[in-house]
There are 2 protein chains.
Amino acid sequence: MSSAAAPRSTSEGDAPRRLTARGRDRKKALLDFATARFAENGFHPTSVSDIVDGVGVGKGVFYWYFPSKDELLLEILREALHDLRKTQKEAIRDAEDPLQRLERGIRASLEWSATHPEVLRLTMFCWTEETFAKELRKGRRINIADTATHVQAGIDAGMIAPGDATMLATAIRGVTDELARSYAVGQRSLDDEVLNLAVRMCLHGIVG
Amino acid sequence: MSSAAAPRSTSEGDAPRRLTARGRDRKKALLDFATARFAENGFHPTSVSDIVDGVGVGKGVFYWYFPSKDELLLEILREALHDLRKTQKEAIRDAEDPLQRLERGIRASLEWSATHPEVLRLTMFCWTEETFAKELRKGRRINIADTATHVQAGIDAGMIAPGDATMLATAIRGVTDELARSYAVGQRSLDDEVLNLAVRMCLHGIVG
DNA sequence: GTCCTTCTTGACTGTTCGGTCAAGTTTTCT
DNA sequence: AGAAAACTTGACCGAACAGTCAAGAAGGAC
């Protein structure tokens, strides 16, 4: 116990850990490789050894950058949800009215999904274990709230038939999620036709 | 090698294994308990020992009724998909036109989901591992094909705007799946309001 | 009763896995 | 240069896990 400082993993509160350039590269390599393997093999069937072997480093490296395998997955998740939201916000920025905001948001969602199919697969797994589902619920709540804002604005502007904005937002998410999922699962390509269908289902289904 | 017959598990082809009344009860108990535990704890985190302990039997019992843990989950899955389809068929039987068939199918889907939330959770996990995803893809293909039949009939009868029936069926499944999922995940109750919303989104979104 | 099949037990096996650690190397800071 | 911090190694550990098996109990068929 009297030994050296032992900067053991991210301490309780959180000491974000200072990384050198080399460190940042390593961490990213681990993150990327793990994401790919988790998505194609499943989370549990992919061992920490698989990951470090794949990246070509010793096992200790893994635990230098991540406190645990679970925490790694949480980090992948958080980063993905954050990136998706950022993408949506950018896509919506210059829209002129609520309906256009909704349409662009829907398209941005699907396009993001098309470029991150591995994350979508991971997401499906995460819903099935509490540790990870908690994080997803948070993201979902935020996403639906964002959408509901625009739906409500549309209702107020008389562009959308009155109704429970949150529920309509949930249904919109349903259409986009499922179409994205069927792409992730490899049953359909995410082309313009699908994008247009999603928009048509959501908007013409709810526009008064 | 000269030992007794050794009726080892379900043999390659398949010898459905003759069960006594006691046997059938045991098997059902294992199936039910496992479904519940898998749904609340996750598949991998739930060990075979957890299951047999929960039911109060020795470990050998498990392997008398199931060749492996994976095979047990596949059996749960197959049974569930079969039951859902049967329920839908019954709900649709006396409908008068394609639109009514679609509406009743949608309602039946959601109602079935409401009474089998554990299965829905399991389903999400299954999409993430090939062994199980294969089974789900089959179920999904069948489900969408069923729905597409009615959509096509609606198009032919001039009740639905022309379009790719399969794609529309996919979107319909999207709405119902997501609403069901948000129920399974515990964010919303599956009341009449939700049922009506689903029908409204699907039908008024595609009716010409 | 006796024979045969179904069913049950629980200790055991071989393996794998997440995580640790003492020791060493490289980079950065001063 | 020298100290400190960041990084890396890979053998090692205890726990847990899916699956096996030799032995026997229960119950139906005759």
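Colleague: How should I classify Arg78(B) at 37% relative accessibility: buried, exposed or partly exposed?

Modeller: A residue is called buried under 20% relative accessible area, exposed over 50%, and partly exposed in between, using a 1.4 Å probe and protein chains only. Arg78(B), at 37%, therefore counts as partly exposed. This is a predicted model, in which local features need pLDDT of at least 70 and side-chain atom pairs count only at pLDDT 80 or more, whereas totals for chains, interfaces and linings use all residues. Residues are numbered from 1 along each chain as its sequence is written, chains are lettered from A and ligands numbered from 1 in the order in which they are written, and side-chain values use heavy atoms, with hydrogens and water left out.

Colleague: Which residue forms a salt bridge with Arg78(B)?

Modeller: A salt bridge here is a side-chain nitrogen of Lys or Arg within 4 Å of a carboxyl oxygen of Asp or Glu. For Arg78(B) the partner is Glu135(B), the closest N and O atoms being 3.4 Å apart. Glu135(B) belongs to helix α7 (residues 130-156) of chain B and Arg78(B) to helix α4 (residues 69-92) of chain B, so the pair ties together parts that are 57 residues apart in sequence. Helices are DSSP runs of H or I with at least four residues, strands are runs of E with at least two, and both are numbered from the N terminus. Glu135(B) itself is buried, with a relative accessible area of 12%. In chain A, salt bridges that share partners join Glu71(A), Arg78(A), Glu135(A) and Lys138(A) into one network.

Colleague: How is the size of an interface often given, and what is the area buried between chain A and chain B?

Modeller: It is often stated as the accessible area lost when the parts come together. Buried area is that loss for two parts, computed with a 1.4 Å probe and summed over both. Between chain A and chain B it is about 3,800 Å², with carbon and sulfur atoms giving 59%. On the side of chain A, Met167(A), Glu178(A) and Met201(A) lose the most area to chain B, together 18% of what that side buries. Counting contact as heavy atoms within 4.5 Å, 40 residues of chain A and 39 residues of chain B take part.

Colleague: How many salt bridges cross the interface of chain A and chain B, and which elements of chain A give two or more residues to the side that touches chain B?

Modeller: The rule finds two salt bridges across the interface; in one salt bridge the side chains of Glu130(B) and Arg121(A) meet at 3.8 Å, N to O. The elements of chain A that give two or more residues to the side touching chain B are α6 (117-126), α7 (130-156), α8 (165-184) and α9 (192-206). Helix α8(A) gives the largest share of that side, 13 residues.
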